[in-house]
Amino acid sequence: MSQISDKVQYKSSRSVKPTCPQIRRGKEVYYITRKEIETKLDYTEKDLLKLVRKALTEHGKKRYEMPAKIGLHPIRDTLMHAMPAFVPKADACGIKWAYCFPQNHKYNLLQTSGLIILNDIQTGWPIAIMDAIWITAKRTPLVSACAVEKLARSGSEEVGILGCGVQGREHIPALGEVMPKLKKVKVLDKFPEVARKLVKDYQKKCECEIVIAKSVEELVRDSDVVVTATAILQKPKPSIKDNWVKEGALLLPIDFDSLWEWKTMKRCDKFLVDSLDEMNYFMSVGYLPHGLPELHAEIGEVVAGIKPGRQKESETIMDMNIGMGVEDVVIARDILDRAIKREVGRKLPL
Ligand SMILES: NC(=O)c1ccc[n+]([C@@H]2O[C@H](COP(=O)([O-])OP(=O)(O)OC[C@H]3O[C@@H](n4cnc5c(N)ncnc54)[C@H](O)[C@@H]3O)[C@@H](O)[C@H]2O)c1
């Protein structure tokens, strides 16, 4: 959005309440660790899906402020992004400072990490600092789940997931939440042991069958929904052939065009993104070398009911989501309230 909209800006600080009165503004911040978020707050997929839907709806209705990311890229194919966002309806304002370094497995560290700072809306002062790894791990697959609700064929039974890291794994419960007919999930990773671990960890928790595909082709053919969650590459290396894609499939890359042929992107009946502003930023620094096909909608507009989702069984649809700060701050704000209520976390002096 180029201009600050009246839909989001308060006229004066008197018309705003303090964001979280339990925290003494200007004196302290609330600090919550990743382990505390993961183990002590008891979030369910349903709770988080509701929050993600709310964030996407507000985005679709343009009731947010979220300038496109600015970033640093210290090594090829790495990124560090500042993701500020304000969602008035959720009383959520802050910034995620997020990082993706695909080679981090060499150092026994996760590829994707980050921190979130939340701010008081009345004064701007910081009120909370928390880990962003869990939030990113959960919210991204739930954005895919919102897309499945609106864009997948109603009888979808098979999902293919390429890349079995954090995101690939978390897509299983997230998509399971919105796919009551899910029968089979096919997975594949360039490291076979990573795929085997996913099957071992998730098969016991799921009613559907989870199998390792023999090839990318086998994974893609017959899949009603295909998720790619590998690495974002400045120069894509498409390994998914266009003629493998099933008619009527929903394609959900969260790693851009890294694995997809331009031909596939272009010939999809509908092509969506989460944020065109974000995509324009990425293109301006050299990602998405072919550009983007004609856009049907931003996913928030479909979730908010402003633009149509799937209209025909035969439509092949791609929704390419890069992740938005609005999702992060809405969840972080909810986490802050829940943590304070349950006395999880601590106040730190500023
Ligand atoms: N769109 C978003 O909102 C969003 C949010 C977080 C992460 N991401 C992106 O999602 C991707 C995955 O993130 P993650 O945190 O799960 O990383 P991760 O390192 O935990 O997992 C990535 C997995 O993909 C595998 N892989 C890499 N290239 C492959 C290939 N060509 N074929 C098969 N497997 C391959 C790796 O071995 C690894 O197991 C990254 O590109 C990251 O930037 C997107």
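A disulfide is a pair of cysteine sulfur atoms within 2.5 Å. Keep that cut-off in mind while looking at this structure, which is a predicted model: local features need pLDDT of at least 70, side-chain atom pairs count only at pLDDT 80 or more, and totals for chains, interfaces and linings use all residues. Residues are numbered from 1 along each chain as its sequence is written, and side-chain values use heavy atoms, with hydrogens and water left out.

Cys 268 is in no disulfide either, and its nearest cysteine sulfur, in Cys 146, is 20 Å off. Cys 206 is buried, at 19% relative accessible area, and Cys 268 is buried too, at 10%. Buried here means under 20% relative accessible area, exposed means over 50%, and partly exposed is in between (1.4 Å probe, protein chains only).

Now for the aromatic rings. A pair of aromatic rings is described by the distance of the centres and the angle of the planes. Rings of Phe, Tyr and Trp (its six-membered ring) pair if their centres lie within 6.5 Å; planes under 30 degrees apart count as stacked, over 60 as edge-to-face, and the rest as tilted. A search of the whole structure turns up seven such pairs. One of them joins Tyr 43 and Trp 134, with 5.8 Å between centres and 45° between planes, a tilted pair. Helices (H or I, at least four residues) and strands (E, at least two) are DSSP runs, numbered from the N terminus. Both Tyr 43 and Trp 134 are buried.

Tyr 281 and Phe 282 make another pair; their centres are 5.2 Å apart and their planes are at 65°, so this one is edge-to-face. Tyr 281 is buried at 12% relative accessibility, and Phe 282 is buried at 1%. These two also belong to one aromatic cluster with Phe 256 and Tyr 287. Phe 256 has a positive phi of about 60° although it is not a glycine. You'll find Phe 256 in the loop between strand S11 (250–253) and helix H7 (262–267), buried at 1% relative accessible area.

Back at Tyr 43, Arg 338 lies over the ring face, 3.8 Å from the ring centre. A charge sits over a ring if NZ of Lys or CZ of Arg is within 6 Å of the ring centre and within 35 degrees of the ring normal. The loop between H1 and H2 also holds Asp 42. Asp 42 has a positive phi of about 55° without being a glycine, and it is exposed, at 51% relative accessible area.
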